[in-house]
Amino acid sequence: MAKERDHHPNKDKKLLVGVIWNFSTELKLIFMALLVIFTLATLLPFIPSSFSLSASDFRFCISRFSPAVPVNITSTAVNVTPEKTSTEPVVLDNGVIKRTFTGHGSAAYNFVTMSAYRGGVNSFAVIGLSSKPLHVYGHPSYRCEWVPLDPTQDPVSTTGLKILTDWGYGRIYTTVVVNCTFPTISAVNSGGSLILHATTGDPSLNLTDSIPVLTESPNSVDFDLYTSPEKKKYDYLYCGSSLYGNLSPQRVREWIAYHARFFGDRSHFVLHDAGGIHGDVFEVLRPWIELGRVTVHDIRDQERFDGYYHNQFMVVNDCLHRYRFKAKWMFFFDVDEFMYVPEKETIKSVMESLEEYSQFTIEQMPMSSRICYSGDGPARTYRKWGFEKMAYRDVKKVPRRDRKYAVQPQNVFATGVHMSQNLQGKTYHKAESKIRYFHYHGSISQRREPCRHLFNDSRVVFENNPYVLDTTIRDVGLAVKMFEMRTIGDRLLRTRQ
């Protein structure tokens with residue numbers, strides 16, 4: 001009996017070894033599968049969010065190796081607590097169901113920076129866009145910080161004054177000008193950086209974006225520029241709004257030649273290309289660019305941000321602050337509008353009479369861009385420049401017409417399209433006898449002959465609208481053509497509509 005008891009354990013061991021040996025391949029595969037699963041479970045937290053691996057993927061892999069062996073996938077999953085969603089009801093003590101809302105991502109940027117400029121010895125201006133709903137329903141705020149490059153000087157901060165220049169016109173984005181005036185800041189020309197801290201004002205989140213908006217290198221600032229009027233480079237500077245659409249090269253040619261003569265040699269024109277300065281228009285501007293009379297800014301990238309009329313409020317404010325201390329007077333009007341002063345006056349004499357005002361508005365003379373004067377005969381009429389043949393003025397009585405304006409820019413903190421409401425000093429609204437502008441509405445945006453209806457009368461009623469013949473601008477046509485020829489030669493003689 002003892003021998004039999006000694007024999008049975010050995011027999012059982014041999015039987016177990018035999019079983020393991022017969023199924024060694026399957027056991028190896030099972031152990032390999034488990035090893036892969038545990039390895040993936042360990043690495044999952046470190047895999048980027050763009051890569052995903054679902055439980056169904058695990059089941060597919062395991063079934064290929066071991067279809068007969070069930071594996072508990074949940075036992076190897078990463079322990080992640082799911083975030084509560086607004087669909088989970090929370091009942092308060094008084095029986096009210098409390099619903100929650102969780103924001104994800106960003107519907108609009110907190111602040112979109114276009115530019116920042118020094119506005120004096122201790123002040124700066126930051127120009128950009130911000131979410132309009134944020135300003136309508138929230139309380140965003142701005143703080144400015146000046147960080148000197150000199151490590152021995154301490155940073156200085158101040159509350160930023162925000163100016164909403166297009167209030168009521170903004171779309172997804174509204175234009176914001178932030179004025180940063182520091183109580184004390186070193187006038188030592190040692191350089192530094194301006195940081196804008198933009199806070200959303202959300203009481204539950206109160207997020208703040210710290211944005212470097214301007215960096216000045218040592219000895220790069222001419223502080224005399226802010227206190228010495230004689231250092232101004234231009235007498236008159238034109239700030240144009242966003243140019244968009246299929247503009248007529250010939251109309252642009254006429255406009256720039258007319259105003260280059262009108263404002264004189266100490267004038268400059270800044271145009272902003274939002275898609276309207278296509279190849280043919282640029283060829284018209286090229287001679288004036290080469291002479292240093294015109295500067296073009298490519299602002300097409302702003303179309304990514306949905307603001308009013310191609311963000312023209314932001315554009316004119318950038319122009320204001322960019323050239324604020326380089327020009328004595330700054331004009332804001334459009335490229336289908338022509339300035340005019342009486343024959344016995346010059347633009348210089350008119351502006352000298354208005355020097356006591358920081359701003360004055362200019363009355364509009366609305367001209368038809370559909371009917372033309374044929375006093376020279378139909379054949380010759382079509383060879384005339386646009387402002388020579390579009391000579392009928394709309395005299396329908398209306399309560400109010402749009403005005404354009406000019407400012408002494410050093411007195412203006414932010415501006416608009418038809419006037420500025422953020423300036424120091426007086427505004428004059430009765431300059432009709434001194435300066436006016438003739439508006440050829442719609443003439444610039446069509447690349448075809450503008451004259452569709454010809455008349456030879458002093459008074460015309462067209463489509464129930466009364467018009468009178470007004471040759472004020474027409475009469476200077478020959479002088480403008482001769483000025484263009486003397487200034488840039490015959491380079492633009494073959495310009496097409």
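This is a predicted model: local features need pLDDT of at least 70, side-chain atom pairs count only at pLDDT 80 or more; totals for chains, interfaces and linings use all residues.
Local features need pLDDT of at least 70 and side-chain atom pairs count only at pLDDT 80 or more, while totals for chains, interfaces and linings use all residues. Residues are numbered from 1 along each chain as its sequence is written, and side-chain values use heavy atoms, with hydrogens and water left out.

Q: Is Lys232 buried or exposed?
A: Lys232 lies in the loop between β9 (208–216) and β10 (234–243); strands are DSSP runs of E of at least two residues, and helices are runs of H or I of at least four, numbered from the N terminus. Buried means under 20% relative accessible area, exposed over 50%, and partly exposed in between (1.4 Å probe, protein chains only). Because its relative accessibility is 12%, Lys232 counts as buried.

Q: Which residues does Val417 contact, leaving aside its neighbours within four places in sequence?
A: Val417 lies in the loop between β19 (412–414) and β20 (422–423). Its C-alpha atom is separated by 7.5 Å from that of Val316, 101 residues apart along the chain. With contact taken as heavy atoms within 4.5 Å, and those neighbours left aside, the partners of Val417 are Gln312, Phe313, Lys404 and Tyr405.

Q: Why is helix α7 (residues 312–322) largely enclosed by the rest of the structure?
A: The buried residues of α7 include Gln312, Phe313 and Val316. The helix is largely enclosed because the buried residues number ten of the eleven.

Q: What is the volume of the second largest pocket?
A: On a 1 Å grid over the protein atoms alone, a pocket is an open set of points where a 1.4 Å probe fits, with protein on both sides within 12 Å along at least five of seven lines; lining residues have an atom within 4 Å of a point. This pocket is lined by 20 residues, with Leu134 and Asp202 among those nearest its centre, and helix α4 (residues 132–137) gives the most to the lining, with three residues. Grid points are joined across faces, edges and corners, and a volume is the space filled by probe spheres set on the points. For the second largest pocket the volume is about 710 Å³.
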